[in-house]
Amino acid sequence: MTGDDPTFSPTNRDLSLSTDLHITIEQGSQNSEQLLEDENNDCEQLFGIEGNEPESERDDTSDQFFEIDSNDNDNDRSELHEQLFEIQGNDHEMSGNDDTVIDIPNGGSQEKVYPQPVVGLEFDSYDDAYNYYNCYAKELGFAIRVKSSWTKRNSKEKRGAVLCCNSEGFKTMKEANNRKKETRTGCLAMIRLRLVESNRWRVDEVKLEHNHLFDHERAQNSKSHKKMDSGAKRKMEPTLDVEVRTIKLYRTPGTDIVGYGSSNSYEGENNNYVDVFKKLKLKRGDARAIYKYFSRVQLTDPNFFYVYDLSDEGSLRNVFWIDSRSRAAYSYFGDVVAFDTTCLSNNYEIPLMAFVGVNHHGQTILLGCGLLADETLETYIWLFRAWLTCMSGRPPQTIITTQCKAICSAIVEVFPRAHHRLCTSHVVQSILENMEALQDYEAFQMILSRTVYDSLKVDEFESGWEDMIQRFGIRNHEFLQSLYEDRERWGPAYSKDICFSGMPDFQNGESTRPFFDGHIHQKTSFEEFFEVYDLVLENKRQEEAHNDVESRDLNPILRTRCYYELQLSKFYTKDVFRKFQHEVAMMYSCSSITQVHTNGPIVTYMIKEREGEEILRGVRNFEVMYDKAGAEVRCMCSCFNLNGYLCRHALCILNYNVVEEIPFQYIFSRWRKDFKRLYVPDVGSNNVDITNPVQWFDHLYRRAMQVVQEGMISHDHYMVCWQAFKESLNKVRLVADKQV
């Protein structure tokens, strides 16, 4: 379901551009509650506080903004400054999936564990990228080779390469008679590298799964590891003085281009000045509210994750956080994601940005939040990379945003393969707001809506747009011209092949409501927001649970005798089934099916549909293609891609061809009520390196969380799980006793 990049880079400064964010994450301890209480009074030091309070009323430390005095010999202050650069979290899930380098104490020595590659990982050179993958492979127990590479035309400059597992492919015909032992297994593990605009090498594609066991002894003797330059190897291994997991989020070297943000962009200012002095605008008490909430939640949610973005001067610029349920929900509903910037665009006191998806009931769900100091390209890149890292580097298939050049550019940088579309309803609304002075405004409003939403083909939209601007004399309107140039991002006629999974932003008169709509307003403070935040999430989750029960027990009243309606009443959740039920009921408005073209098993039909109930209303023609061999059907209205269920036109063609049941491929799994969804971390691969204790922990923890989630279903489930845990613990202790 999900798009199967944050771009974390290795933690070596030699492999990266300048790093202005260096964050460490420490595991929580049993003393976390005491730590929270002890440090609560110092939390204001972490943030830059803005306000009108007299200096005498402020804490002495509140204006430091992380300015560290090199002559400060106070041990307590020194320790505090070190703590301020650390983010404490219980993110057990990340050790297997993010770009981290982990030091594991092992007696007097430390074992280096190289982070697994993810899409978006960047390096200064091709050699750095090769050495990284070679070190990672050696650590895991396999060898690598260059499968292919390509250069710039008429030049020897390398532009890209594919590094693969040495077991990739099979022997050729010429090699078949070679007595040498066959070592190739057709393994698909690989990374694809390409040279990007910033002259850095980026991982563009990753396949982690191996179809063979790891062999450390054979890997040690392979060509790639024998040739490994010891200096390069040392270069890959950063030195850490404490037992922490180190994460670096890399910023782009250039700052934002003037005008790239919203109306809040700082035009005409010196870019370096902007970068240095931009910080999150906090009033007195805001820092404490953020700190208390994060510290409290990480005690109860073992996979809650948050990260700060600090400037070189130590000022807080941006914050991102996400809870464990949202991270798990992304595995089911992460195919289409909308970025909600309502608070930013409306100048709310809390500069909130939310990542929003749609669940199996068509209800919006939260997939992460951010607090941003500004709306520059650099800030959005940081935020998107942080979010993508929490999603194990798996980008969504489709991303929907409002119109903002900084966001658009950041998406190109961080999500290069995702379909990026602007919210159509927001674009239409912005056009209407700019055209209010038109003499015949109501007629313009009607024609605009018809042109945008009723155009089935690109040429229909473009000819309709031309007629509209000519009729109202607005051909030279700069705002309309700029929107028309970007029409492929927001015009529904241009997005027929893109999956939107029920996200309403591309349908007439519909748009995704802000996730916190009705709960926060322009003057909502940080403290008020975090008080209501958990309440909103809990209400949403209770609503989902209630809808699950209703859908499970649903015995709907059928509106037709069509078997398609009965068939999907057994599969789809309540709200989605009602929408599909409307399509079945509207089959009566379709008539006069005509076969217009045949190409082997593929037949093209033209079907007429009456618009509205009145007899005098117009008739529209819809083209539907049907593949008899594969029982595939596609209508030009693209209802299936838009909503996730077949339209009335496609249903008529299936019925016309005596297809008794809707083909299984058109029963969208994301809408099914019989599909069990466990909101636990993605278990991922079962391939565990038996020599790697970190992978032991990661794999066991995730499996245990699945059992915990199942055990919370009912009291009976709880008792079974509790008994299983006790029996398992006793068995493990017996193994330990035998070894003594």
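Trainee: Which residues of the largest nonpolar core touch the most other members?
Mentor: Tyr-564, Tyr-572, Phe-580, Val-633, Leu-646, Leu-651 and Ile-662, out of 46 residues in that core. A nonpolar core here is a set of buried Ala, Val, Leu, Ile, Met, Phe, Trp, Tyr and Cys residues joined through side-chain atoms within 4.5 Å. Buried means under 20% relative accessible area, exposed over 50%, and partly exposed in between, with a 1.4 Å probe and protein chains only.

Trainee: And what should I know about the model itself?
Mentor: It is predicted: local features need pLDDT of at least 70, side-chain atom pairs count only at pLDDT 80 or more, and totals for chains, interfaces and linings use all residues. Residues are numbered from 1 along each chain as its sequence is written, and side-chain values use heavy atoms, with hydrogens and water left out.

Trainee: What is Val-633 in contact with?
Mentor: Val-624, Met-625, Tyr-626, Leu-646, Ala-650, Leu-654 and Tyr-666, leaving aside neighbours within four places in sequence. Contact means heavy atoms within 4.5 Å.

Trainee: What other core lies apart from this one?
Mentor: One of 38 residues, among them Phe-305, Ile-322, Ile-381 and Ile-399.

Trainee: Switching to rings. How many aromatic pairs are there?
Mentor: The count is 48. Rings of Phe, Tyr and Trp (its six-membered ring) pair if their centres lie within 6.5 Å; planes under 30 degrees apart count as stacked, over 60 as edge-to-face and the rest as tilted.

Trainee: Why is the pair Tyr-293 and Phe-304 edge-to-face?
Mentor: Their planes stand at 80°, so the pair is edge-to-face, with ring centres 6.4 Å apart. Tyr-293 is in helix H8 (residues 286–300), and Phe-304 is in the loop between H8 and strand S11 (305–310), eleven residues apart.

Trainee: Are those two buried or exposed?
Mentor: Tyr-293 is buried, at 5% relative accessible area. Phe-304 is buried too, at 1%. Both belong to an aromatic cluster that also includes Trp-321, Phe-515 and Tyr-533.

Trainee: What lies over the face of Phe-515?
Mentor: Lys-540, at 4.9 Å from the ring centre. The rule asks for NZ of Lys or CZ of Arg within 6 Å of the ring centre and within 35 degrees of the ring normal. Arg-670 likewise has its charged end over the ring of Trp-671, 5.2 Å from the centre.

Trainee: What does Ser-324 touch?
Mentor: Asp-301, Asn-303 and Phe-304, not counting residues up to four places away in sequence. Ser-324 lies in helix H9 (residues 324–333). It counts as buried, at 19% relative accessibility.

Trainee: Now sheets. What is the order of the five strands in the open sheet?
Mentor: S5-S9-S8-S7-S6, with antiparallel pairing. Two strands pair if DSSP finds at least two bridges between them. The edge strands are S5 (122–123) and S6 (144–151), each pairing on one side only.

Trainee: How many bridges join S7 to S8?
Mentor: Five, between S7 (residues 158–165) and S8 (residues 190–195). Val-162 has Arg-192 as its bridge partner there. S8 and S9 (residues 201–207) pair over six bridges. Ile-191 is partnered with Val-206, and Arg-194 with Arg-202.

Trainee: And S18 with S19, how many bridges?
Mentor: Seven, antiparallel, with S18 at residues 590–599. Ser-591 is partnered with Lys-608. Their hairpin has two residues between the strands, and Gly-600 takes a positive phi near 65°.

Trainee: Last one. Is helix H3 mostly covered or open?
Mentor: Mostly covered, with 13 of its 15 residues buried. H3 (residues 126–140) reaches 21 Å from its first C-alpha to its last, close to the 21 Å expected. That expected span is 1.5 Å times one less than the number of residues.

Definitions and conventions:
Helices (H or I, at least four residues) and strands (E, at least two) are DSSP runs, numbered from the N terminus.
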